[in-house]
Amino acid sequence: MSLVFAFVFSVLGIVFGHVALSQIKRTGEDGHGLAVAGLIVSYVFVGLSVIFIVIYVIFIFAVIGSAATYRGY
């Protein structure tokens, strides 16, 4: 389930991945590879989202700053 949510809603993919890993460790079930893959993909997507948001905010402030200094002639 972690790998599915990694593509849909990455934060839930992280939560479900950690829950799955703890359950796999406790019960000895299969699926360790899928849980780890879901965690990796989720963390990558969250990291890329944070980078995108930071770049977007910097761009918005740059546009607002340049518009404030525009004299129009």
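**Exercise 1.** Find how far the backbone oxygen of Ala6 lies from a polar atom of the side chain of Ser10, and describe the surroundings of Ser10.

*Solution.* The distance from the backbone oxygen of Ala6 to that side-chain polar atom of Ser10 is 3.1 Å. Ser10 has a relative accessible area of 16%, so Ser10 is buried (under 20% relative accessible area, with a 1.4 Å probe and protein chains only). Last, leaving aside neighbours within four places in sequence, Ser10 is in contact (heavy atoms within 4.5 Å) with Phe5, Ser42, Phe45 and Val46.

The model is predicted, local features need pLDDT of at least 70, side-chain atom pairs count only at pLDDT 80 or more, and totals for chains, interfaces and linings use all residues. Residues are numbered from 1 along each chain as its sequence is written, and side-chain values use heavy atoms, without hydrogens and water.

**Exercise 2.** Decide whether Ser2 is buried or exposed, and list its contacts.

*Solution.* Ser2 lies in helix H1. Its relative accessibility is 5%, so Ser2 counts as buried. Beyond neighbours within four places in sequence, Ser2 touches Gly13, Phe16, Gly17, Ala35, Gly38, Leu39 and Ser42.

**Exercise 3.** Check the length of helix H3 (residues 32-68), then find what its buried residues pack against.

*Solution.* H3 has 37 residues, so at 1.5 Å a residue it should span 54 Å (1.5 Å times one less than the number of residues). The end C-alpha atoms are 54 Å apart, which agrees. In H3, Ala35, Gly38, Leu39 and Ser42 are buried. The buried residues of H3 pack against helix H1 (2-8) and helix H2 (10-27).

Note on methods
Helix = DSSP H or I, 4+ residues; strand = E, 2+ residues; numbered from the N terminus. Buried < 20%, exposed > 50% of the residue type's maximum accessible area, 1.4 Å probe, protein only. Polar contact = N/O pair within 3.5 Å; in protein donor to acceptor, adjacent residues only side chain to side chain.
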